[in-house]
Amino acid sequence: IPGSGKSTWLDALLMNVAERDGWKGAVASFENPIPIHLAKFISLRTGKPFRHDLPGRASETEVEDALDWLDDHVMFLAQDGEPPTVANIIDRLTAAVKRMGIRWAVIDPFNFIRLGGESGASETSAINEMLAAFKVFAATHEVALFLVAHPAKPPASAGSEWVPTGYNISGSAHWYNRADFGITVQRLAAATRVHVWKCRFNHLGKVGCEDLVFQPETGRYFEANDPSMFDDLDF
């Protein structure tokens, strides 16, 4: 649901992949201005706060080193003043594959995209076409593509612990059917709970959930009782 930390968790996940495996990626973030997004990635890279009002802030040298590393590993797709379309995004991601060799891409959130489809086509049909087009791109170029989406209004019977799945995303049940993996990020009082509600390929994971501890100063996530979350922090 809005404010649960979907984008923040995804940033941390992909930074881990980039650092561990060297994967390069592209980000089309329609709610985060690029300078703000860069600041978040700098904190993830350095493991230190970027904000000047927090103790233990990354030094100027550390920031410059992080920016150099990010320049080699992350491409930000700037908005050009026009509503993005599926075709435009795929064209730009294809160029990023050829230019930078990206292995992952993020579209956040999907509802900024101007959907196409035939005149008079339903939203369900347009979303199905969008997901099919993105899936063909991802398979063709071997790119892990992440789409961030908000659920529709919860049902009246839903309680405070309601966990939406692909069937609850506004617009279409195709979200569940088309996805290879489905993940919901849930914010609890003492943890961030990550639910995997779909895993098409059992050699790559399994359905289940895991509680993580969020470190707001750096944007990082840790397993419960992981002492490394306090390393090199002066706050």
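**Figure 1. Charged side chains of the protein chain in the predicted model.** The protein chain carries 22 positive and 30 negative side chains, and the centres of the two sets lie 6 Å apart. Lys and Arg count as positive and Asp and Glu as negative, whereas His and the chain ends are not counted; the place of a charge is NZ of Lys, CZ of Arg, CG of Asp or CD of Glu. This is a predicted model, in which local features need pLDDT of at least 70 and side-chain atom pairs count only at pLDDT 80 or more, while totals for chains, interfaces and linings use all residues. Residues are numbered from 1 along each chain as its sequence is written, and side-chain values use heavy atoms, with hydrogens and water left out.

**Figure 2. Secondary structure of the protein chain.** Six helices and eight strands make up the elements of the protein chain, in the order α-β-α-α-β-α-β-α-β-α-β-β-β-β from the N terminus. Helices (H or I, at least four residues) and strands (E, at least two) are DSSP runs, numbered from the N terminus. Of the 235 residues, 40% count as buried, that is, under 20% relative accessible area with a 1.4 Å probe and protein chains only; exposed means over 50%, and partly exposed lies in between.

Figure 3. Strand S3 (residues 104-108) is largely enclosed by the rest of the structure, because five of its five residues are buried. Trp-104, Val-106 and Asp-108 point one way from S3, and Ala-105 and Ile-107 the other way. In a regular strand the side chains alternate between the two faces of the sheet. Five bridges pair S3 with strand S1 (residues 25-29) in the parallel sense, and four bridges join S3 to strand S4 (residues 144-147), also parallel. Two strands pair if DSSP finds at least two bridges between them. Val-106 is the bridge partner of Val-27, and Phe-146 in S4 is the bridge partner of Val-106.

**Figure 4. The hairpin of strands S7 and S8.** Strand S7 (residues 208-215) and strand S8 (residues 220-223) run antiparallel and are joined by four bridges. Gln-215 has Arg-220 in S8 as its bridge partner. Four residues separate the two strands of the hairpin, and Gly-219 in the turn has a positive phi of about 80°.

**Figure 5. Surroundings of Thr-192.** Thr-192 lies in strand S6 (residues 192-199) and counts as buried at 6% relative accessibility. Not counting residues up to four places away in sequence, Thr-192 touches Val-185, Gln-186, Glu-210, Asp-211, Leu-212, Phe-214 and Tyr-221, where contact means heavy atoms within 4.5 Å.
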